[in-house]
Amino acid sequence: MLTGGLRERVMRFVSRLEREDVCMHGFMLSVGGQVKVTACYAPFTEDRPHRMYSVSKSMTALAVGVLLGEGRLGLDDPITDYFADYLPEHPDGRLMRLKLRDMLRMATCYRATAYREGIDEDWTRPFFTATPTHEPGTVFHYDTGCSQVLAALVKRVSGQEVIDLLNERVFRPLGATDEKYWLRDPSGTCQGGTGLCMSLRDLHRVARLVMEGGGGLVPAWFCQEMTRCQSINLLGTTPEERCGYGWQVWMTRAGWAMYGLGGQLAVACPEKDALLCTIADTRLDPVGVQRIYDAFFEELYPYLDREDMVPERLSLTIRPVPHDPSFALQEAGPFFFDPNPLGLRSVRLQGRELLWENDRGQHPLRFGLGENVMDTFPGWPGRTTLCSGGWVGEGLLHVRCQIIDDAPCGVELLLHFGQRCLTVQARKAFDPATNAYEGVASGYLR
């Protein structure tokens with residue numbers, strides 16, 4: 001075994017993700033239970049809560065596993081047995097045949113999530129009132145509403161919200177005690193499929209627990225069944241997603257993964273006793289998560305049982321957009337807009353600031369040139385951002401604004417400044433704060 005050789009592989013992994021413009025926030029790599037590298041991209045840290053998105057599904061499943069181990073639930077129980085008060089007068093037979101094991105493996109009777117965020121008060125009830133589309137237990141369909149029902153099930157059976165049960169039964173006994181919280185639906189139930197905010201370090205601790213068979217906190221048989229293929233998914237949109245699905249975890253080419261939107265991953269490789277956990281924001285890149293998988297499996301995985309390294313911590317920074325000062329403008333505008341898809345009324349450039357006026361008023365959008373600066377998203381107090389800009393051509397400004405609070409997402413802008421005209425092109429990742437930032441509009445000097 002070559003001591004130190006693995007560090008070079010890690011740096012190649014880091015360089016590749018930077019080269020491919022993957023917005024990483026941090027990662028931890030362990031082999032044989034020993035953490036080899038912890039990397040954090042400022043301002044993120046290993047102990048800071050980070051939105052886990054669909055990793056929440058895996059954690060919800062662990063709570064279900066605890067209750068299964070106590071005999072308080074059965075895998076072949078019809079899910080409707082626990083929600084009779086939510087059923088319509090004449091429930092569809094396909095819904096009545098839906099079992100808990102099919103809920104765990106995303107083989108429900110629906111092809112999409114039933115609840116509507118921002119509309120429904122109770123995100124659990126629509127699962128039982130929607131019209132089924134097919135026979136349960138037959139095919140895989142990713143359904144966050146299914147995981148919401150599992151969180152509500154934990155609450156009904158145990159009397160505890162899923163985060164409280166996990167804190168008491170799994171997290172604290174494990175030593176996973178960094179600050180964590182779970183976003184709720186309007187009715188007060190934990191968002192079982194998307195709402196958990198926990199640290200990178202605690203994600204690693206919990207995923208390691210599952211790899212090692214539950215440590216007496218979660219039944220060993222449940223950890224084994226959770227992490228083997230339970231549903232075939234040959235119609236997945238990316239290569240990794242086509243590897244199949246377990247119980248609220250994904251299969252990969254070399255094991256399994258807890259997988260959340262935007263690059264929240266716990267990639268477990270049992271044959272090499274290796275675990276990579278990541279936090280990131282790839283929501284502006286439709287293949288960003290696959291880039292992380294590919295970089296790991298191509299740059300690191302082949303060497304994990306052949307090379308070693310002294311444990312190390314890396315302090316990194318989120319890469320800003322490129323900037324060529326030869327193209328820079330200092331001032332332009334104001335430009336005024338007729339009604340448009342972006343809701344813009346006026347825009348003015350003042351050095352490293354765009355004075356942005358839309359339906360939420362007039363606010364500055366500040367950006368660094370060749371660096372990220374921390375500020376507030378225009379018109380949304382409390383929504384913290386990292387924002388960088390770069391002049392990339394004659395009159396052409398590229399701005400990337402990343403929200404870094406409990407819903408990491410972003411906006412990317414390309415602004416073309418002409419003699420009398422400004423054209424703004426924008427794209428976004430879905431979030432209430434970014435809803436207006438999708439489309440193209442032109443404004444003019446007056």
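This briefing covers aromatic pairs and ring–charge contacts. The model is predicted. Searching the whole structure turns up 25 aromatic pairs.

**Phe83 and Phe128**
- Phe83 and Phe128 make a stacked aromatic pair, with 4.8 Å between centres and 25° between the planes.
- Phe83 sits in the loop between α2 (55–69) and α3 (93–96), while Phe128 belongs to helix α5 (residues 125–129).
- The pair therefore ties together parts that lie 45 residues apart in sequence.
- Phe83 has a relative accessible area of 0%, so this residue is buried.
- Phe128 is buried too, at a relative accessible area of 1%.

**Tyr115 and Trp123**
- Tyr115 pairs with Trp123, and this aromatic pair is also stacked.
- The ring centres of Tyr115 and Trp123 are 4.4 Å apart, with 10° between the planes.
- Tyr115 counts as buried because its relative accessibility is 11%, under the 20% cut-off.
- Trp123 is buried, with 4% relative accessible area.

**Aromatic cluster**
- One aromatic cluster is formed by Phe140, Tyr142, Tyr245, Trp250, Tyr259, Tyr293, Phe296, Phe297 and Tyr301.

**Arginine over rings**
- Arg9 places its charged end over the ring of Tyr303, 3.7 Å from the ring's centre.
- Arg156 lies over the face of Tyr86, with a distance of 4.9 Å to the ring centre.

Note on methods: Residues numbered from 1 in each chain as written. Predicted model: local features only at pLDDT ≥ 70, side-chain atom pairs only at ≥ 80, totals over all residues. Heavy atoms only, no water. Phe/Tyr/Trp six-rings, centres within 6.5 Å; stacked < 30°, edge-to-face > 60°. Helix = DSSP H or I, 4+ residues; strand = E, 2+ residues; numbered from the N terminus. Buried < 20%, exposed > 50% of the residue type's maximum accessible area, 1.4 Å probe, protein only. Lys NZ or Arg CZ within 6 Å of the ring centre and 35° of its normal.
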